[in-house]
Structure formats: C-alpha cells, structure tokens
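Morning, everyone. Please bring up the model on your screens, and we'll walk through a few residues.

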Amino acid sequence: MLIIYFIVLLGIGYYGFKQSTGNVSEYMLGGRNIGPYVTALSAGASDMSGWMIMGLPGEVYTTGLSAAWLAIGLTLGAYINYIVVAPRLRVYTEKAGDAITLPDFFKNRLDDKSNAIKIIAGAIIVVFFTLYTHSGMVSGGVLFESAFGINYHFGMLLVAVIVIAYTFFGGYLAVSLTDFFQGVVMIIAMVMVPIVAMLQLSGLDTFSQATELKPTNLDLFKGTTFIGIISFFAWGLGYFGQPHIIVRFMSIKSVKQLPTARRFGIGWMAISLLGAVGVGLTGITFINQSGTDIQNPETLFILMGQILFHPLVGGFLLAAILAAIMSTISSQLLVTSSSLTEDFYKLIRGEEAAKKHEKEFVLVGRLSVIVVAIISIWIAWSPNDTILGLVGNAWAGFGAAFGPLVLLSLYWKGLSRTGAVSGMLAGAIVVIIWIAFVKPLGDVNDFFNLYEIIPGFLASLIVTVVISMITKKPQLDIEADLTDVRRLVKSGKDQKES
C-alpha cells in the first residue's frame, strides 16, 4: 500500500514537472492558475500536518475534550482568514508587481527600495520554516519507528527523499496536486478510525465510559485553566501570517473562485478536526479496555489503526499519516525555497538577470529545496520535543511576525516601512523570548503558560502601528491602491481582468 502511495506521489511530481515549471512564477506559484478545490484542499492539507493525526489525538487522549478548543480556534481562524485576507491578498499581490512571495509583496506594497523589509521577512521565513519543516521530519521518523519498528533515522530519511523528489521536480503545481490527493486520504482516515472504534467498543456509550474513567474527559471547560483555553483558542490568530497557507490564496485562478474554495476547505477542515478529536476520545476507552500499553500518546492513531483494522486497511491509514506529514513538508520546503530564490538570490543577481535567465532561477529554487531539507534533517536527528510542541513554536513565530503586517498592509493606508520592519522583528523576538525565558516560569504562575503567539501578536501589532504613526509614510498613493483593491474584490475581478 505504501509503495503504491509513493509511486502515485512521484507520478504527480512528474506531471507537475511537465506542466508547470517553465519559469519562476510557474514553479513557485503555479502561474496563478490553480482551481478552487485544489486550492482549498492544498491549503488544508499543508496546514493539517502530522500534528492533526498524531499530535491532536494525543493531546485529547491526555487532557480530554478541553483540547478541542484548539480545533475550534483553528477552524474559526481559518474561516476568518478566507474572508478577511484571501480576496484582498489575491488581488493586491498581483497588482503590487505580481509578487510571488510575501516578502516581495511587502516590499512592493511599501515601495521599499532598500529591500530591508524583504531581507528581514525572508530571513524570518527561512529560520522558522526550517524549524517547522523539522517537525515534519520528526513525525516521519516517529511513524516508521512506531508502526514498523524501523529505525527512526531511516524512516525520517525515507520520507524526506520522497518529498524532496516530487517537490524538486514538480514545483508548486505538483505540491498542490499531491496535497489534494493527500487531503482526500486524510479525511477518509479521520472519519473511519473513530467510527470503527465506536462500533468495536460500545457505540455512543464509548464516550460515557471515557467519562467514568475521568470525569473531565468529556468536559469542554474543565480539566484545563482559563489560560489554557485562551491559548488553545489563540492558535486561530496564526492563520493571518502563515506563508505556506496564504500563498494558496495568491495562486488561485480568480478571486471569484474563493467563496467556493472557502466552503469546500472549511468543510474539509471541520470534519477532519472533529475526527481527530474523536480518535482521542475513543482512544481513551479503547486503550483502557484493550489493556494496551501506550508510551507515547502521539502514536494513538497508529496503534488503533494496527489493532482495529485488517493490515491492508492499516496500510491505508499509515498512508494517511504520511499524507499529513508530506503535504506540509513539501509546502514548507517550497515556500522557503521561494524566499531564498526571490528574496535573496534575486537581490544578488538583479531584476534584469531574473528576467533573462528564468531557467537559472528555477534551478536555484530546486537546489534550495535540497539545502533546506538537509538542514531540517540535521536538526531533527535528535528530537527533544513533542510534535505538537514543535509545530506550536513555529506557528507562533509566523503568526506574530507576519499576521499583523498582512492585515495592516491590506487595510491600513498609514503603514510605513519602518513600522513594518519594527513590528515583524518585535513579534518574532517576543515569541522567542517567551519560549526561552517566560514559559519555564509556568510552574510559578499559570499566566506564564500563555501561548506565545498572544504576546507576540500584540507586540507586533502595537509596535507596527505606533512606529508607523511617527515615521515617514510611503511615497506611493496607497489610499488609491487600497480603493482599487476593494473595487476589484467587490467586482470579483483580478488585476488582469480589469
């Protein structure tokens, strides 16, 4: 089953290579020609990595239904992101010099001839995405070690080689199509496992039995603190600043297709997350009744799949975990590669060279995929944190550094270059300081356990607004630009169509 799955992914990679890698825009953004359904599932699958199938069920198994606040916060955040960010970003990135990356958009939006904002934003993407990608590598190693007893390092390398292959050759189109395929596999698995577990156990009484084991298991509010609930809910803030997700909005064929993508994507997301919570809750009763020993709660889905299903179906479920892991790794590799190529290499070679030597820049993009993957593997060689913890740190970094800036760049004419740079740095630095120095004090006071995206996001927003108000405004007629963007979004037209 896994061999067939790998062959399908490589086949899609070859298709992407033949169809859409002729220039940098095609390799990095699919030529802005991606349909609504592929956009929706690509955004969802690249978002819901191994943490949804492994991390979230493990968290629910450990803490109970209160962990569902994470799923609620994410679903709400994703929906608002589709409404608030997606339409304007699709139109404005094309209007602002046909920007391919977020840093490129920030540069064009703020008329930053010094390229400072592009370099700093690119550096943040490279640093945090390298850390983010390594969480996927860890997931791959843990999967093969838990499911097959294969050496952690061998499993991690196998996952990395397959992902690198189809991302290296097929670019954005291949990543989007594989994400669509993997998204279908993921939702089937997330619905199948909790339903079969309930049928094998006691039906709906399965949840009552979980409550008998621990009264707070089915209590949405108990079993956690106010700070804990707020922190779970705050994950939704991160969506405004995740480059690997909002780049999907930039690549969709037309802004008119975004409502279709939103309905399809949010529906997929809600069902998948509900299934993940269901795996965790049914797993509480399942582990208790079967007498199975589980040392790592994040392997719950793997364990239930091995015991409840025929080996052939179990192979499909393992493919679902691989789908979740690979879809996110490939998206992160491509966005990081895009940043290294567009935000750094292009600055070295110059705009004219980029126009004359498209093939050279595509090659640099491909080589960047390999470099980032190797660094991520090196970091993941000796894992020292949970999958959910690793993802949470990187998610907070992007959400705090880019979230306020994305919103302000799309809605506020008073944004300045100095404010944008200061806000990005403030958000990233506060997140790092909170993780390194404040969170260890959580045993002293529960406030210090607050998810780092909250102080980081607030610091970035406040600093960006205050510094922008006291520094020189950009020279471009931003008010006219924003008015034009609003007009195009309202009419359902893109820049070229107008």
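Start with Ala-96. Ala-96 counts as buried, at 9% relative accessibility. Buried means under 20% relative accessible area, exposed over 50%, and partly exposed in between, with a 1.4 Å probe and protein chains only. Ala-96 sits in the loop between α6 (86–95) and α7 (102–109). Helices here are DSSP runs of H or I, at least four residues, and strands are runs of E, at least two, numbered from the N terminus.

What does Ala-96 touch, not counting residues up to four places away in sequence? Phe-105 and Asn-108. Contact means heavy atoms within 4.5 Å. Then there's Asp-111: 15 residues from Ala-96 in sequence, 9.6 Å away in space, C-alpha to C-alpha.

A word on the source. This is a predicted model, where local features need pLDDT of at least 70, side-chain atom pairs count only at pLDDT 80 or more, and totals for chains, interfaces and linings use all residues. Residues are numbered from 1 along each chain as its sequence is written, and side-chain values use heavy atoms, leaving out hydrogens and water.

So how confident is the predictor? pLDDT is its confidence in each residue, from 0 to 100. The chain's mean is 82, and 87% of its residues reach 70 or more.

Ser-368 is buried, at 9%. Beyond its neighbours within four places in sequence, Ser-368 contacts Ser-337, Leu-340 and Thr-341.

Ser-376 is also in α17. Buried or exposed? Buried, with a relative accessible area of 0%. Setting aside neighbours within four places in sequence, Ser-376 contacts Thr-130, Thr-133, His-134 and Met-137.

Definitions and conventions:
pLDDT = per-residue confidence, 0-100.
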